[in-house]
Amino acid sequence: MQNLVEVKNLKKSYGLKEAVKGISFKIKDDEILGLLGPNGSGKTTTIGMMLGLLKPSNGEIIIDGKKIEDNRIEILKKINFISPYIELPKKLTVKQNLIVYGKLYSVSDIKKRIEYLSEKLRLGDLLNKITGELSSGQKNRVSLAKALINKPKVLLLDEPTASLDPEIGDFVRTFLEDYKKEMKISILLASHNMNEVTRLCKSTLMMKDGVIIDSGSPEELISKHGRQNLEEVFLKLTREKNEFN
Amino acid sequence: MSLIRIYGLFLRHFFLITRSFPRILDLIYWPSIQITLWGFISNFFASHSSYYNNAVGVILTCAILYDFLFRTSIGFNMLFLEEIWSRNFTNLFIAPMKISEIITSLVITALIRALIGLIPAIILTSPLFGISILDLGIYLFFLFLSLYIFGITLGILVSSGLLRFGPSFENIAWSTMFLLAPFGCIYYPIETLPEIFQKIAYALPLVYIFEEARNILINSSVNLENLYTALKLNTVYLLLAITLFYYSFSVARKKGTLINIGE
């Protein structure tokens with residue numbers, strides 16, 4: 001397997017405050033990498049740099065063989081993002097939103113793509129509804145459809161199942177597993193739901209205070225730290241004094 | 001530049017406007033009210049002022065021109081603010097759109113929004129006051145063009161501020177046109193201003209546009225120098241505004257505004 005994403009010595013400072021302190025990692029083709037860490041550990045900043053929303057203070061991000069700083073638009077065509085903290089225009093219908101984003105991503109056959117995503121994400125009955133009037137579970141599925149409208153090679157997920165009920169959360173996880181299997185895409189999953197990470201990710205990175213403090217598969221981390229599950233590993237690592245500082 | 005992406009962003013706002021009757025009404029309502037109000041004021045002045053005695057439509061025409069400028073500028077800002085208010089800003093900036101495509105799309109959409117308001121207002125003036133802005137002839141096109149460019153320039157400048165400073169810059173977005181209006185000499189000749197304000201006014205294209213509109217209507221003559229100076233100044237300001245927008249985008253990427261803008 002090749003590395004679709006390579007992050008090398010990535011740093012981000014805001015004045016004297018260092019949010020990300022020289023992290024490096026890779027995401028292989030057809031892999032879901034879990035990005036874990038407490039609030040303020042640098043996960044969102046890292047994702048922001050991968051999306052070209054933030055300019056790194058140092059280091060580089062290579063996606064599909066190209067540096068994002070030199071090929072921002074070209075790379076943005078191949079990636080997409082979902083987060084509960086950003087929304088689609090509320091006054092537009094679901095279909096109108098998907099058409100708009102289909103155009104913005106220059107999708108060749110938007111109608112066909114919307115039909116495909118509607119079927120996979122059970123959006124058929126929602127297409128003509130106003131986006132702002134949907135429940136959070138429905139909005140989440142619509143956001144997922146928007147994030148997949150351009151058939152991304154790399155999908156960045158920031159807490160994709162936060163605030164969802166267990167049934168919808170399970171639907172989203174199952175969908176992501178199936179979609180990854182079908183399309184062979186790479187996914188970076190930032191999540192606070194340790195069961196979700198254990199289920200979806202073959203490898204994980206644990207961040208704290210802007211550095212990667214540990215990495216490995218969920219099973220390796222559980223065994224290495226002598227804990228029962230990933231949540232206990234998370235608590236152990238995040239409560240320890242950070243020896244990297 | 002991709003026409004599809006430009007069209008895509010235009011569609012996002014077109015869908016929004018056409019879905020909501022109050023939004024369409026809002027676009028038409030204010031220009032029409034403004035024109036009606038100023039129509040009556042200008043009728044009054046026409047019978048009480050020797051300056052306007054032979055040109056009943058001067059104030060009304062200037063009101064329409066000013067409103068077009070106002071709508072274009074506010075329209076551009078509104079398109080940008082809509083993205084912030086709907087928390088869609090991040091989605092827009094992670095889409096593969098070049099800055100030039102974003103600006104082009106918003107410029108076209110702002111023009112269409114302004115025209116939706118302007119056309120009913122122009123139609124209203126004829127039956128209500130027996131005045132037609134079309135009396136300005138072919139030069140009307142150049143006056144509108146100049147106002148449109150300046151309106152867009154102000155819109156881009158304010159949007160640069162929104163990019164750099166986030167929603168806290170929103171109040172500036174609303175006040176720009178009111179701050180500049182006195183220097184624009186929209187309803188009075190530049191000589192009315194104190195000398196120091198005249199210097200500021202001469203650095204803006206507005207004074208040349210409105211002086212020329214009055215010149216055409218009152219003296220029935222055309223001073224092309226005014227139109228030329230306005231276009232020249234507009235070009236300089238527009239280029240500066242676009243440069244500032246690119247700079248603000250770059251600073252926003254360094255400061256992290258693009259990530260936190262909706263919060």
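**Predicted complex of chains A and B**

Chain B contains eleven helices and zero strands, helices (H or I, at least four residues) and strands (E, at least two) being DSSP runs numbered from the N terminus. Along its sequence, chain B reads α-α-α-α-α-α-α-α-α-α-α. The complex is a predicted model, in which local features need pLDDT of at least 70 and side-chain atom pairs count only at pLDDT 80 or more, while totals for chains, interfaces and linings use all residues. Residues are numbered from 1 along each chain as its sequence is written, and chains are lettered from A and ligands numbered from 1 in the order in which they are written.

The predictor assigns the complex an ipTM of 0.89 and a pTM of 0.85. For chain B, the mean pLDDT (the predictor's confidence in each residue, from 0 to 100) is 83, and 89% of the residues reach 70 or more. Within chain B, helix α10 (residues 224–255) has the highest confidence, at 94, and helix α2 (residues 21–48) the lowest, at a mean of 68. Where pLDDT is low, the predicted coordinates should not be read in detail.

Of the 263 residues in chain B, 47% are buried. A residue is termed buried if 20 or more other C-beta atoms lie within 10 Å of its own, exposed if 12 or fewer, and partly exposed in between, with C-beta atoms placed from the backbone. Two residues are in contact if their C-beta atoms, placed from the backbone, lie within 7 Å. Among the contacts in chain B with a separation of 6 or more, 76% are between residues 24 or more positions apart.

Phe169(B) lies in the loop between α6 (139–165) and α7 (170–184) of chain B. Phe169(B) counts as partly exposed because it has 18 C-beta neighbours inside 10 Å. When neighbours within four places in sequence are left aside, Phe169(B) is in contact with Gly161(B) and Leu162(B). Val158(B) is eleven residues from Phe169(B) in sequence, and the C-alpha atoms of the two are 7.9 Å apart.

Chain A has nine helices and ten strands. The radius of gyration of chain A, taken over C-alpha atoms, is 18 Å, close to the 18 Å given by the globule rule for 245 residues, so chain A is as compact as a globular protein of that length. The globule rule is 2.2 Å times the number of residues to the power 0.38. Along the principal axes, the C-alpha atoms of chain A fill a box of roughly 55 × 40 × 35 Å. Buried residues make up 47% of the 245 residues of chain A. Of the contacts in chain A between residues at least 6 apart in sequence, 66% join residues at least 24 apart.

Chain A is divided into domain 1 (1–78 + 153–173 + 180–245) and domain 2 (86–151), with bounds that come from an automatic or database domain assignment. The centres of the two domains of chain A, taken over C-alpha atoms, are separated by 26 Å. Seven residues from domain 1 and seven residues from domain 2 of chain A take part in the contact between them. On the domain 1 side, four of these residues are nonpolar, one is polar and two are charged. In this classification, Ala, Val, Leu, Ile, Met, Phe, Trp, Tyr, Cys and Pro count as nonpolar, Asp, Glu, Lys and Arg as charged, and the others, Gly among them, as polar.

Helix α4 (residues 110–120) of chain A has Ile110(A), Ile114(A), Leu117(A) and Ser118(A) buried. These residues lie on the same side of α4(A) because they cover an arc of only 105° around the axis, the arc being that of the directions from the helix axis to the C-beta atoms. The buried residues of α4(A) pack against α3 and α5 (136–148) of chain A. The exposed residues Lys112(A) and Glu119(A) are carried on the face of α4(A) turned away from its buried side. Arg122(A), which follows α4(A), has a positive phi, near 55°.

In helix α9 (residues 230–239) of chain A, the residues Leu230(A), Val233(A), Phe234(A) and Leu237(A) are buried. An arc of only 100° around the axis puts them on the same side of α9(A). The elements covering the buried residues of α9(A) include β3 (32–36), α7 (194–200), β9 (203–208), β10 (211–216) and α8 (218–224) of chain A.

The contact between the chains takes 26 residues from chain A and 29 residues from chain B. On the chain A side, α1 (43–50), α2 (72–76) and α3 (94–104) each supply at least two residues. The most are given by α3(A), with six residues. By class, the side of chain A that touches chain B has 16 nonpolar, four polar and six charged residues.
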